[in-house]
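Try each one yourself before you read the solution.

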Amino acid sequence: MELITGVIKSYDWGSRRTLAELAGRPSPSPTPEAELWFGAHESSPSTVGESSGSITLIDLIREDPQTQLGAQCAEAYDGTLPFLLKILAAEKPLSLQAHPTSAQAEAGFARENAAGIDLSASYRNYRDNRHKPELVVALERFEALAGFRAISSTVTLLTALDLSGVADDVASLAANPCPAELKAVALRWMRSSREHHDRLALEVIERATVLLDSGGWIVDRFEAELSTALDLARRYPGDPGVLMSLLLNRVSLAPGEGLFLPAGNLHAYLSGSAVEIMANSDNVLRGGLTTKHIDVDELSSILDFTPIPVDVLDPQPCDRRSEYIYPAPVPEFVLRRWELDGNLEVALGGDGPAVVLCTAGRVEIRAGDHQMEISSGKAVWLPAGDSVTMTATDGGPAQVFAGSTPG
Ligand SMILES: [Zn+2]
């Protein structure tokens with residue numbers, strides 16, 4: 001096992017406090033800190049080792065993929081680490097987005113390569129040929145939009161909002177409450193002019209404010225949805241994401257609760273901090289709440305317009321009383337969490353690699369004679385086959401996450 005150092009990504013939606021305070025650094029930080037990456041992604045690989053002689057995790061794996069990843073993982077993923085583990089710290093909403101299936105990513109990547117679009121071009125949709133399923137687990141209250149809401153509920157909300165600019169769309173959705181009509185409405189909204197959305201944002205602000213002040217049944221049922229639309233309309237006037245937010249499930253995760261985002265699920269993270277694990281891909285198709293490239297045709301071709309209820313993962317501790325497993329129906333990763341106290345020792349190890357990340361307290365990790373102690377915000381790389389035991393130090397408690405390949 002080796003200490004690995006994550007890379008901080010300074011996007012403008014990041015918090016100046018969360019990651020700094022998690023790691024015990026001076027807060028607020030000089031710049032917004034949005035994400036802390038632990039993995040072997042080409043754009044920001046973690047470094048391995050504590051001294052100036054450290055190397056990137058990519059190079060460590062490349063030198064001996066069989067030892068680092070295990071034979072099965074090395075073979076299945078062509079000698080690369082199949083997952084990326086992050087801490088997210090969102091002060092402001094992230095873009096509205098969805099990710100392709102593996103087949104869509106392969107086809108899209110090949111198509112853009114054949115068209116001669118540079119890999120770093122801002123208007124490129126597919127930066128690799130892999131899918132990007134992702135799973136978030138809240139560290140503190142984490143707010144998000146994810147998947148299309150049941151159409152009947154959406155009609156109720158939009159009818160109460162009574163926005164004159166979309167009255168025809170609400171009527172057609174009420175008359176035809178099916179995914180095809182939902183898709184038609186969503187496409188019209190995403191293709192509308194900035195001026196149209198500017199006017200609608202003003203209407204959303206006015207109508208949502210009136211409804212929220214009224215305190216009636218609509219507020220009992222849709223307070224979070226109305227507050228989010230109001231907030232987005234103020235932050236992003238002219239952006240289709242304001243209206244699109246009204247079609248999506250509003251999700252609020254308590255600490256420890258998780259959410260899996262499969263391919264085709266339209267989502268936006270709004271605020272809060274979370275541990276996130278994902279397949280090692282950069283394929284993001286955006287639909288709003290951003291100044292980055294939006295390709296409505298490509299996004300709509302991968303979106304799943306079937307309304308789905310939110311499936312919040314709230315695992316119970318399994319056989320070991322402190323271990324929580326977040327199942328994800330993908331072969332690239334599994335995420336586990338431990339709540340350790342001073343007396344509990346847990347074992348971790350498997351046929352594949354793992355990244356062990358401390359998110360609260362301090363934890364001692366032992367592999368044979370070798371031991372190291374990591375504090376909140378620090379992580380350790382476990383090559384395939386390494387077995388370790390973990391114990392909270394300083395009397396505990398400590399919180400630890402491990403991303404690994406399944407099995
Ligand atoms: Zn995403």
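**Exercise 1.** Find which backbone oxygen lies 2.6 Å from a polar atom of the side chain of His197, and decide whether His197 is buried or exposed.

*Solution.* Bear in mind that this is a predicted model.
- Step 1: the backbone oxygen belongs to Trp189, and the distance to a polar atom of the His197 side chain is 2.6 Å.
- Step 2: the relative accessibility of His197 is 3%. Buried means under 20%, so His197 counts as buried.
- Step 3: list its contacts, leaving out residues up to four places away in sequence: His197 touches Trp189, Ser192, Gly238, Asp239, Pro240 and Leu243.

**Exercise 2.** Work out which residues coordinate the zinc ion, and why the arrangement of its four donor atoms is irregular.

*Solution.* 
- Step 1: the donors are Gln97 (OE1), His99 (NE2), Glu134 (OE) and His267 (NE2), at 2.0 to 2.4 Å from the zinc ion.
- Step 2: the angles subtended by the four donor atoms run from 87 to 154°.
- Step 3: along the chain, the donors follow the spacing Q-x1-H-x34-E-x132-H.
- Step 4: His99 sits in the loop between strand S7 (96-98) and helix H5 (102-114), while Glu134 belongs to strand S8 (residues 134-138), so the pair ties together parts that are 35 residues apart in sequence.
- Step 5: both His99 and Glu134 are buried.

**Exercise 3.** Identify which strands pair with S12 in the antiparallel sense, and how many residues of S12 are buried.

*Solution.* 
- Step 1: strand S6 (residues 83-90) pairs with S12 over eight bridges, with Leu84 partnered by Met278.
- Step 2: S8 is joined to S12 by five bridges, and Val136 has Glu276 as its bridge partner.
- Step 3: strand S9 (residues 142-148) contributes four bridges to S12. Here the partner of Ala146 is His267, a donor to the zinc ion.
- Step 4: twelve of the 13 residues of S12 (residues 267-279) are buried.

**Exercise 4.** In the open sheet of four strands, find the strand order and the edge strands.

*Solution.* 
- Step 1: the order is S16-S21-S18-S19, with antiparallel pairing.
- Step 2: S16 (345-348) and S19 (370-375) are the edges, as each pairs on one side only.
- Step 3: from one strand to the next, the twist averages 25°.
- Step 4: S18 (residues 362-367) and S19 share six bridges, and Ile365 stands opposite Met372.

Key: Residues are numbered from 1 along each chain as its sequence is written. This is a predicted model: local features need pLDDT of at least 70, side-chain atom pairs count only at pLDDT 80 or more; totals for chains, interfaces and linings use all residues. Side-chain values use heavy atoms; hydrogens and water are left out. Buried means under 20% relative accessible area, exposed over 50%, partly exposed in between (1.4 Å probe, protein chains only). A polar contact is a pair of N or O atoms within 3.5 Å; within protein, one must be able to donate a hydrogen and the other to accept it, and residues adjacent in sequence count only if both atoms are side-chain atoms. Contact means heavy atoms within 4.5 Å. Two strands pair if DSSP finds at least two bridges between them. Helices (H or I, at least four residues) and strands (E, at least two) are DSSP runs, numbered from the N terminus. Axes are lines fitted to C-alpha atoms, for helices over the stretch in contact, and angles run from 0 to 180 degrees between N-to-C directions. Donors are N, O and S atoms within 2.8 Å of the metal (3.2 Å for Na, K and Ca); water is not among the atoms, so sites may look incomplete. Four donors count as tetrahedral if all angles lie between 85 and 135 degrees; four count as square planar and six as octahedral if opposite donors are over 155 degrees apart and all others between 65 and 115; anything else is irregular.
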